[in-house]
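The text below is meant to be read with the structure open alongside.

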Amino acid sequence: MAKMGFLEKWFVNQFPQYLLHKFWGALKLLETIEAAEKPENILEIGCGVGMTSNFLAKKFPGSKITATDFDEEQIGKAKKLYQIPNVEFQQADATRLRFADSSFDACFAFLVFHHIENFTVAIKEIYRILKPGGKFY
């Protein structure tokens with residue numbers, strides 16, 4: 001797994017990136033999810049500073065969300081920026097998730113797979129931690 005370089009990290013943590021997610025990215029995807037879908041446990045891969053985690057928490061207020069990122073610095077910023085009751089931020093490697101098999105109802109990964117060197121391993125890990133019938137967005 002590779003960390004972002006300084007310039008890329010700076011760019012993705014700026015307000016224009018928030019607007020991109022709000023109007024054309026994450027929120028557009030979340031709007032397509034039926035209101036009846038209420039996953040109990042959600043995993044987010046590559047949460048960065050928590051921008052998309054915040055969107056997930058608003059969409060699924062009754063869900064427990066585990067928001068992960070490979071970069072501990074990004075996790076530290078997320079914890080400072082967003083104190084969201086149903087979100088737990090933690091460092092994790094998407095290719096070696098330390099969660100039990102079938103422990104999540106849904107997994108979200110926004111704009112992260114180009115950072116994962118061996119993304120096929122990460123996809124296998126995601127399907128391992130998803131419950132039968134769980135969804136990967």
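Among the contacts in the chain with a separation of 6 or more, 68% are between residues 24 or more positions apart. The model is a predicted one. Its chain has 137 residues, of which 46% are buried.

The secondary structure consists of six helices and five strands. Read from the N terminus, the order of elements is α-α-α-β-α-β-α-β-β-α-β.

The five strands form an open sheet, with parallel pairing, in the order β3-β2-β1-β4-β5. At its edges are β3 (87–91) and β5 (130–136), each of which pairs on one side only. On average, neighbouring strands of this sheet are turned by 20° against each other, with direction ignored. In general, the strands of a sheet pair through backbone hydrogen bonds, and the pairing may be parallel or antiparallel.

Which strands does helix α5 touch? Helix α5, residues 72–81, packs on the sheet and touches β2 and β3, and its direction makes about 160° with that of β3. Helix α6 lies across β1, β4 (104–109) and β5, and runs at about 130° to β5.

Helix α6 covers residues 119–129, and phenylalanine 119 lies in it. Alanine 94 is 25 residues away from phenylalanine 119 along the chain, and the C-alpha atoms of the two are separated by 8.3 Å.

Cysteine 47 counts as buried because its relative accessibility is 5%, and cysteine 107 counts as buried because its relative accessibility is 0%. Both values fall under the 20% cut-off for a buried residue. How many disulfides does the structure hold? The structure holds zero disulfides. A disulfide, in general, is a covalent bond that joins the sulfur atoms of two cysteines.

Note on methods. Residues numbered from 1 in each chain as written. Predicted model: local features only at pLDDT ≥ 70, side-chain atom pairs only at ≥ 80, totals over all residues. Heavy atoms only, no water. Helix = DSSP H or I, 4+ residues; strand = E, 2+ residues; numbered from the N terminus. Pairing = 2+ DSSP bridges. Axes fitted to C-alpha atoms, helices over the stretch in contact; angles between N-to-C directions. Contact = heavy atoms within 4.5 Å. Buried < 20%, exposed > 50% of the residue type's maximum accessible area, 1.4 Å probe, protein only. Disulfide = S-S within 2.5 Å.
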